[in-house]
Amino acid sequence: MIEACEYLNGSQTGQKVAVIGGGLTGCEIAYELALQGKEPVIVEMKDDLIAQSGVCLANSSYLREWFALHKVEVHLETALKEVKDDQIVCDCKGEEITIPCDSVISCAGYIPAPLAAKGRNVHYVGDCRQVGNLRTVIWSAYETAMKI
């Protein structure tokens, strides 16, 4: 299993890739994998893909429709239980299922982790303050810069 940032930094995957997390990052990675001719499988705990607020409706609608059109396998209301060499084991609404795959990418979310203590000359912006999207990162940086 690799983390989303590892994949985005160039780590290679196999042909059938389980993408754990159907938020914007997971869906965009699954979309890219599909465009490369690979077979992504999205596993999402919520009852919809890209369920977080603040995402452009055009982007989220497009991805949902593209996955349906291209028959990308999506498992909603499904939680990862175990990663094995050639499959993952999940809980889907109380039923245990196995999904064959040769790679797994974790896109299950992030926790803010600042590198320095907040102080008079240290201001948190972006994901070290609160995980968000590109818009919230830019807006928080702008607001902080205006206060300085």
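Because the model is predicted, local features need pLDDT of at least 70 and side-chain atom pairs count only at pLDDT 80 or more, while totals for chains, interfaces and linings use all residues. Residues are numbered from 1 along each chain as its sequence is written, and side-chain values use heavy atoms, with hydrogens and water left out.

The chain contains four helices and eight strands; helices (H or I, at least four residues) and strands (E, at least two) are DSSP runs, numbered from the N terminus. Followed along the sequence, these elements give the pattern β-α-β-α-β-α-β-β-β-β-β-α. The C-alpha trace spans about 50 × 35 × 30 Å along its principal axes. Of the 148 residues, 34% count as buried; buried means under 20% relative accessible area, exposed over 50%, and partly exposed in between, with a 1.4 Å probe and protein chains only. The chain exposes about 9300 Å², of which carbon and sulfur atoms supply 53%; accessible areas come from the Shrake-Rupley method with a 1.4 Å probe, and for residues only the protein chains shown count as cover. Among the contacts (heavy atoms within 4.5 Å) with a separation of 6 or more, 51% are accounted for by residues 24 or more positions apart.

Two sheets may be considered in turn. In general, strands of a sheet pair through backbone hydrogen bonds, either parallel or antiparallel. Here, two strands pair if DSSP finds at least two bridges between them. S3 and S4 pair in the parallel sense over three bridges, and Val41 has Glu73 in S4 as its bridge partner.

S5 pairs with strand S6 (residues 87-92) in the antiparallel sense over five bridges, and the bridge partner of Glu82 in S6 is Val89.

Side chains of opposite charge can pair when their charged atoms come close. The structure holds four salt bridges, a salt bridge being a side-chain nitrogen of Lys or Arg within 4 Å of a carboxyl oxygen of Asp or Glu. One of them joins Lys81 and Glu96, at 2.8 Å from N to O. Lys81 lies in strand S5 and Glu96 in strand S7, so the pair ties together parts that are 15 residues apart in sequence. Lys81 is partly exposed at 49% relative accessibility, whereas Glu96 counts as exposed at 52%.

Another salt bridge is formed by Glu77 and Lys93 (3.8 Å, N to O). Glu77 lies in the loop between strand S4 (73-75) and S5, and Lys93 in the loop between S6 and S7, so this pair ties together parts 16 residues apart in sequence. Glu77 is partly exposed, at 38%, and Lys93 is exposed, at 61%.

Arg64 also forms a salt bridge with Asp48, their closest N and O atoms being 3.0 Å apart. This pair links distant parts of the chain: Arg64 in helix H3 (residues 57-69) and Asp48 in the loop between strand S3 (39-43) and H3, 16 residues apart.

Thr78, in strand S5, is buried at 1% relative accessibility. A polar atom of the Thr78 side chain lies 2.8 Å from the backbone oxygen of Leu76. Beyond its neighbours within four places in sequence, Thr78 is in contact with residues including Val43, Met45, Cys92 and Ile97. Cys92 itself is placed in strand S6; leaving aside neighbours within four places in sequence, Cys92 is in contact with Leu76, Glu77, Thr78 and Ile97.

Note on methods. A polar contact is a pair of N or O atoms within 3.5 Å; within protein, one must be able to donate a hydrogen and the other to accept it, and residues adjacent in sequence count only if both atoms are side-chain atoms.
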